[in-house]
Amino acid sequence: MSEPATIENNNHHNNNNNSSSNGSSSPPPPPPQALVERLKDYGQEDAFAFWDQLSSHQQNFLVQEFESLDLPRIDRMIRCSFQSHGLPAAAIEPVPESSVSTVEDRTLEDREKWWKMGLKAISDGKLAILLLSGGQGTRLGSSAPKGCFNIGLPSGKSLFQLQAERILCLQRLATQSINEGSGNVVPIHWYIMTSPFTDKATRDFFKQHKYFGLDADQVTFFSQGTIPCVSRDGRFIMETPYQVAKAPDGNGGVYSALKYSRLLEDMSSRGVKYVDCYGVDNALVRVGDPTFLGYFIDKGVASAAKVVRKAYPQEKVGVFVRRGKGGPVTVVEYSELDQSLASEINQGTGRLRYCWSNVCLHMFTLDFLNQVANGLEKDSIYHLAEKKIPSIHGQTLGYKLEQFIFDAFPYAPSTALFEVLREEEFAPVKNANGSNFDTPDSARLLVLRLHTRWVVAAGGFLTHSVPLYSTGVEVSPLVSYAGENLEAICRGRTFHAPCEITY
């Protein structure tokens, strides 16, 4: 729906619009009665307050805007979210040790077994990959989708390209793992959630780069929804006299978006059983990690998450906890975790009691995703984020309604956690260079340092004209997924950092 021209000199404008042919002025037609009645039912009739000042084009736009909203559903969301807002939550306790696979307890045999199980499931076409990519790079100083961002690696590759090439590498490894690699490559389907603000730019970027070597038909784009912003008394905030202020429904909007776009059925028709889900802004993400998938299958759980150990008690990360005595595993945001709890030490392990950080790397069964989509829809509880909302009265304090990806976990009959090392798998790209943490520069260095360790472990040598801590080499994902198969390329060879190692 294209946006009509802004209101200028409305009275004059409307007198022109609504004057009859004999020159006498007639009042504008009233808004459709049935729609006004429906809005009244939900206490939202104020939305037509400026009707008489709108041009006929703007009036049409406003009517279409409200006719396109699922008012009963939105009303239920607002009511349920306001009712649950501020209610005391059940007490929390640490996640039981038995639910966590720690790096130190993982044997080589475990890792090899899980890697093979994961590759087998991938070669059987049972894995789909789900990317959460609704955000713009605003904090990075860019209006483009975050995945288009180039963090300054020697190759100049964007986050999207790094992830696409890891999928290509994974397909090759899965094919090689069966029948000595003969037979056709089984494509891994990649579902990419955009937002109304990034959808077109994301699709164009993929087309422009020929899907980075993937087949166009193995990539499916879909957009998360938007929800009207509301005032503290639950009324819609009007951004302009003919337009409701809306905001994306959070990365947890992925569940209803998958449901309403019938993509859960699409996954099922492709034979998918497991879904690997991650956020776009991690330069070290192991997309579709076979070891994690094998662990997930081996544990027989409905959901799993990779976690990193919290660096220090006050680190601003959400942590996994158990909600209530013997209750479900879920995530508590850092702002909700009492400082005394955050600092508690487990005397048995010497670790923080609440130490498993959520880094948005999740695995779900398809059956469970169906359950979550239906459960979240039925409960209709959203987080209320208090924000300044652009409105006809300037910046108005109100609420955006959001769901988060981790809202799924309370619905899971069983959840397992899988510890990974942050220097191997977590390089967030959230803030512009010059910030203190999570910048393109810090992510680039994490990639270069990890890949340098791979090359040295494979028998390669490095020369460098700047200190090694500020440089390194980049291994193309097309060459190695996680440091494997590098001996033939690296043994006895010297590489001058910074550079990219390709075939």
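How much space lies in the second largest pocket? About 910 Å³, in a predicted model where local features need pLDDT of at least 70, side-chain atom pairs count only at pLDDT 80 or more, and totals for chains, interfaces and linings use all residues. Residues are numbered from 1 along each chain as its sequence is written, and side-chain values use heavy atoms, leaving out hydrogens and water.

**View 1. The second largest pocket and its lining.** Among the 29 lining residues, Arg323, Glu336, Ile381, His383 and Asp407 come closest to the pocket centre. (A pocket is an open set of points on a 1 Å grid over the protein atoms alone, where a 1.4 Å probe fits, with protein on both sides within 12 Å along at least five of seven lines; lining residues have an atom within 4 Å of a point. Its volume is the space filled by probe spheres set on the points.)

**View 2. The largest nonpolar core, with 46 residues.** Here you can find Ile129, Phe160, Trp190, Phe206, Leu214 and Tyr278, the members with the most contacts inside this core. (Such a core joins buried Ala, Val, Leu, Ile, Met, Phe, Trp, Tyr and Cys residues through side-chain atoms within 4.5 Å; buried means under 20% relative accessible area with a 1.4 Å probe, protein chains only.) Ile129 touches, among others, Ile167, Trp190 and Tyr278 (heavy atoms within 4.5 Å), setting aside residues up to four places away in sequence.

**View 3. Arg351, a buried arginine.** Arg351 counts as buried because its relative accessibility is 8%. Beyond its neighbours within four places in sequence, its contacts include Glu97, Glu104, Glu344 and Trp356.

Methods
Buried < 20%, exposed > 50% of the residue type's maximum accessible area, 1.4 Å probe, protein only.
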